[in-house]
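Dear colleague,

I am passing on the structure we spoke about, and below it you will find my notes on what came out of it. Please read them with the coordinates open beside you.

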Amino acid sequence: MLNNQSVAEEIVKKFGDDVYDFEEPFGLLTLTTTREQIIPMLEYLKNHSEFKIGFLTDITGVHFPDTTPATEYCVVYHLHSFIHNFRVRIKVFLAEADLHIPTASEVYASANWMERETFDFFGIIFDGHPNLIRILNMEEMDYHPMRREYPLEDATREDKIDALFGR
Amino acid sequence: MATDIKIVEAPEGFEGSGFFATSFDKVVGLARSHSLWPLPFATSCCGIEFMSTMASRYDLARFGSERPSFSPRQADMLLVAGTIAKKMAPVLKQVYLQMAEPRWVIAIGACASSGGVFDTYSVLQGIDRVIPVDVYVPGCPPRPEQILEGIMQVRELTHNESLRRRNGAEYQALLASYNIQ
Amino acid sequence: MTEANIAKSTSGTLVKDEPVQYVNELTTLNLGPTHPATHGIFQNVLTMDGEKIIAGEQTVGYIHRAFEKIAERRPFYQITTLTDRMNYCSSPINNMGWHMTVEKLLGVEVPKRAQYIRVIMMELARIADHIVCNGILGVDTGAFTGFLYIYEYREKIYEIYEEMCGARLTTNMGRVGGMERDLSKEAIRKINEFLTTFPPIFREFERLFNRNRIFMDRTVGVGAISAERAMSYGFTGPNLRAAGVDYDVRVMNPYSSYEDFEFDIPVGQHGDTYDRFMVRDEEIWQSLRIIEQALKNLPEGPYFADAPEYYLPPKQEVYRSMEALIYHFKIVMGEIDAPVGEVYHAVEGGNGELGFYLISDGGRTPYRLHFRRPCFIYYQAYPEMCVGSTISDAIVTMSSLNVIAGELDA
C-alpha cells in the first residue's frame with residue numbers, strides 16, 4: 001500500500017519547486033503544479049515502477065472569480081492506481097488572460113472528451129488537443145456557461161417575468 | 001378460440017335490411033382512433049416510463065398501438081417523452097414535418113410540456129415552442145397509467161375530429177404561427 | 001467490376017486473376033440522433049464502405065440539461081432530485097452516492113441498519129439496470145420475447161421502490177443521514193417474493209440467450225476492446241470487467257458496509273459484447289446474493305443518523321417540538337450551511353464508477369459539483385470499437401455498452 005507521505009516525498013524529489021500546496025482533504029492526496037509540469041507529471045506517475053498510477057478518473061474545471069487573477073481558473077485531475085488502490089488529485093491554476101494548458105489526450109485516450117467538456121464549460125484551451133470543439137452545448141453558443149458570471153436560467157423565457165413570482 | 005373479443009360499436013346511423021348509412025366523418029374517426037401508430041420520440045427518463053408502457057404489464061398494444069412506427073412518415077401520433085434540449089429542437093421539428101397529416105402530438109412529462117425543473121440555458125422550455133401540441137401529460141416522469149390516459153385523450157380527439165378541420169383557416173393559422181407550411 | 005475487367009473476361013483471355021478494381025465510393029451514414037437502435041439520442045456519422053464501417057464520429061449533447069450549473073444554485077437537499085435524472089435506469093444508486101458524498105463532507109456517520117437498507121436498494125437498482133441492458137441487447141439481436149418476459153420483474157422492483165419512497169423511476173430515495181423510512185413489513189415481503197420468484201425466470205432468460213447459437217454468433221468477438229485500451233479510455237464497471245480488469249468500487253473502496261458481504265466480481269476475457277452481456281448476467285446473481293445476505297443480517301436500530309441539523313425530523317415531531325420545527329424549516333428552506341471542504345466520493349453505478357467531486361465554500365449550496373459520469377467517459381471509445389465491423393454489429397456493440405443519454409450529457 002502506498003501512503004500519501006511517501007508519494008508526496010517522491011514527487012517533490014522529482015519535481016522540486018514545481019509542486020506545492022500539499023493537502024489531504026478526506027485522506028485524498030492533493031497537490032498543485034504548474035501547467036508546464038502537468039503532462040510530465042501524469043507520465044511520471046503512470047510509468048513509475050512502484051506507483052503505477054495509470055488510470056485517469058476525471059478532468060474538470062473550477063472557476064474562482066473572487067481570488068487573485070493568476071489563480072482564477074483551476075483544472076483538476078483525479079488519478080487512480082488500481083494496483084495500490086491509491087488516488088491522487090492534481091490541480092493546475094490558470095489566469096483568465098492566459099487559459100492555455102497542454103492536452104493529456106496523448107497520455108490517456110479518455111482525456112479527449114473530458115477536456116472538450118472543460119473547454120465547453122469554462123473556455124480553457126487545451127493546446128495540442130486533436131479536436132477541441134464544444135461537446136455538450138451548441139456550436140453557436142458564444143459563451144462558456146459554467147463560468148460563474150453567467151446565469152443559469154434560459155434567457156428567452158418570458159412567462160416568469162412576474163411581479164409576484166419573478167425570476 | 002377466444003369468444004369474448006369485443007368489437008367496437010357502430011356509430012349512429014340509419015340501418016335497414018342490407019344497408020347501413022352514416023356520415024363519413026364518424027367512420028373515419030372510428031377507424032383512426034382504434035389504430036393510432038405511435039412514433040416514440042423518447043429522449044430521457046420519461047422514455048423509460050414509456051418503455052414500461054409498451055412492455056408486458058401496461059401493454060400499449062391493447063389500444064391499437066401495437067406497432068411503434070419509428071418512421072415518422074407512417075406515424076399518426078408523436079409521443080415526445082423527455083427533455084428536449086435546444087440542440088435537439090430542430091431535429092424534433094424536422095421529425096414533425098416529416099409526419100403526414102393528420103398528426104397528433106403528446107408531450108409526455110414536465111420537461112416536454114414546459115421544461116420542467118430544467119429552467120436552464122440549454123433546455124427548450126416546452127416543445128410547444130417549436131411544434132403544436134395536442135395533449136400534455138404532467139408528471140416527472142408520469143406513470144404509465146398517465147401516459148395511457150394521455151393516449152386515450154388523443155383517441156378522443158381523433159374520434160371526434162371533423163375531416164375538414166385540417167383544411168380550416170384556424171388550423172392553417174396555427175401551423176403558420178410555427179412557421180410550418 | 002470496371003469496364004476493363006468485363007472486357008477481359010468476355011474475351012476469354014483471362015488467365016491471370018487480376019484484382020478487381022472497385023470504384024472507391026464511400027457512403028456517409030447518419031445514425032441518429034433519433035434512431036430506434038441508439039436507445040437514447042446520440043448521433044453517429046459513420047463512413048461506410050459497403051456495409052463495413054471505416055470511420056465514425058459521434059456528436060453528443062442532445063440532452064444536455066446543465067446539471068452542474070443547477071447544482072451550484074440548489075441547496076444540498078434539492079440536488080438529490082437531479083441525481084435521479086442522470087442514470088435513470090438505476091436512480092437509487094445515484095441518490096445514495098450523493099447522500100454519501102454529503103455525509104462525508106458533513107462527517108455524519110450513518111447507522112448500520114440504514115447502510116444495509118441502502119445496500120439492498122442499490123443492488124435492486126443494479127438488477128433493474130442490468131435487466132434493461134441485457135433485455136435490450138436481446139431486442140437488438142432479434143429476440144423481443146426475453147425483454148418482454150423479464151421486464152415484468154423490473155416492474156416488481158418498481159413496486160419495491162414505491163414501498164420505500166413512493167416513486168417508480170426517479171426515486172429521490174433516502175436522505176442525507178439515512179433513509180427517510182424504515183423497511184416496512186410489506187417491503188420485506190416484496191423483496192423476499194422477488195428473491196424467490198425472480199431466479200427461475202432469470203434462469204429461463206439465461207437459457208434463451210447464454211448458449212443460443214444465433215445470439216453467440218451475433219455477439220462473440222463483436223466490439224471487442226483490450227484491457228489496456230479500455231483502461232486508457234477510462235472504462236469502469238461491467239464494461240471494464242468484461243475486458244478482464246477486476247476493478248469494482250464496491251470492493252476497492254467499500255462504502256455503505258459493502259465489506260460485510262460476500263460476493264464475487266465476474267470478469268470477462270475478451271472485452272467483447274458477449275463478455276459484457278455475461279458479466280452483467282452474473283452481476284445480477286451476485287446482487288441477489290448480496291440482497292439475501294443483507295436481509296438476513298439486517299441489524300436492528302435506527303435507520304437514520306443522529307444529526308438533527310441535516311436530517312429532516314419526523315413530521316409528528318415537527319408539530320410537537322420547537323427544535324424539530326426549526327430544523328425542519330431550515331432544512332426545507334435550504335438554510336443549512338455546510339462546512340468548507342473538498343470531497344471526491346465514488347460509488348459503483350450501473351455503468352461504472354459514478355463519482356461526485358464536491359467543493360464547498362461553507363455556503364448553502366455547493367460551490368462546484370462535478371459528476372464523473374461513467375457513460376460520458378467510455379462512450380468516446382465507440383468508434384474505435386466498431387471500426388471494421390458491420391453496421392449491425394455496431395448497433396449490438398452500442399446497446400451492450402449501456403450508454404444512458406441522461407447520464408452522458410449531464
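In chain B, which has 181 residues, buried residues account for 40% of the total; please bear in mind throughout that this is a predicted model. The C-alpha trace of chain B spans about 65 × 45 × 25 Å along its principal axes. Its secondary structure consists of 6 helices and 6 strands, and these follow one another along the sequence in the pattern β-β-α-β-α-β-α-β-α-β-α-α. If one takes the contacts in chain B between residues at least 6 apart in sequence, 78% of them join residues that are at least 24 apart.

The annotated site

For chain B, the unreviewed UniProt entry lists B:C45, B:C46, B:C111 and B:C140 under "binding site". These residues are spread over 96 residues of sequence, and yet they cluster in space, the largest C-alpha distance being 10.0 Å.

B:C45 belongs to helix α2 of chain B, which covers residues 45-54. Because 28 other C-beta atoms lie within 10 Å of its own, and 20 or more are enough for the term, B:C45 is buried. Setting aside residues up to four places away in sequence, B:C45 touches B:G82 and B:P141 in chain B, and it also touches C:R85, C:Y88, C:L169, C:T170 and C:G406 in chain C.

B:C111, for its part, is found in helix α4 of chain B, which runs over residues 109-114. This residue counts as buried because it has 31 C-beta neighbours inside 10 Å. When neighbours within four places in sequence are left out, the contacts of B:C111 are with B:G82, B:T83, B:G116 and B:F118.

The contact between chains A and C

A further point concerns the contact to which chain A gives 26 residues and chain C gives 32 residues. On the side of chain A that touches chain C, the elements that supply two or more residues are β3 (55-63) and α3 (111-122) of chain A, and the largest share, 6 residues, comes from β3(A). By residue class, that side of chain A divides into 16 nonpolar, 8 polar and 2 charged residues.

With best regards

Key. Residues numbered from 1 in each chain as written. Chains lettered and ligands numbered in written order. Predicted model: local features only at pLDDT ≥ 70, side-chain atom pairs only at ≥ 80, totals over all residues. UniProt positions renumbered as here; feature names shortened; annotations may be inferred. Helix = DSSP H or I, 4+ residues; strand = E, 2+ residues; numbered from the N terminus. Buried ≥ 20, exposed ≤ 12 C-beta atoms within 10 Å, placed from the backbone. Contact = placed C-beta atoms within 7 Å. Nonpolar A, V, L, I, M, F, W, Y, C, P; charged D, E, K, R; others polar.
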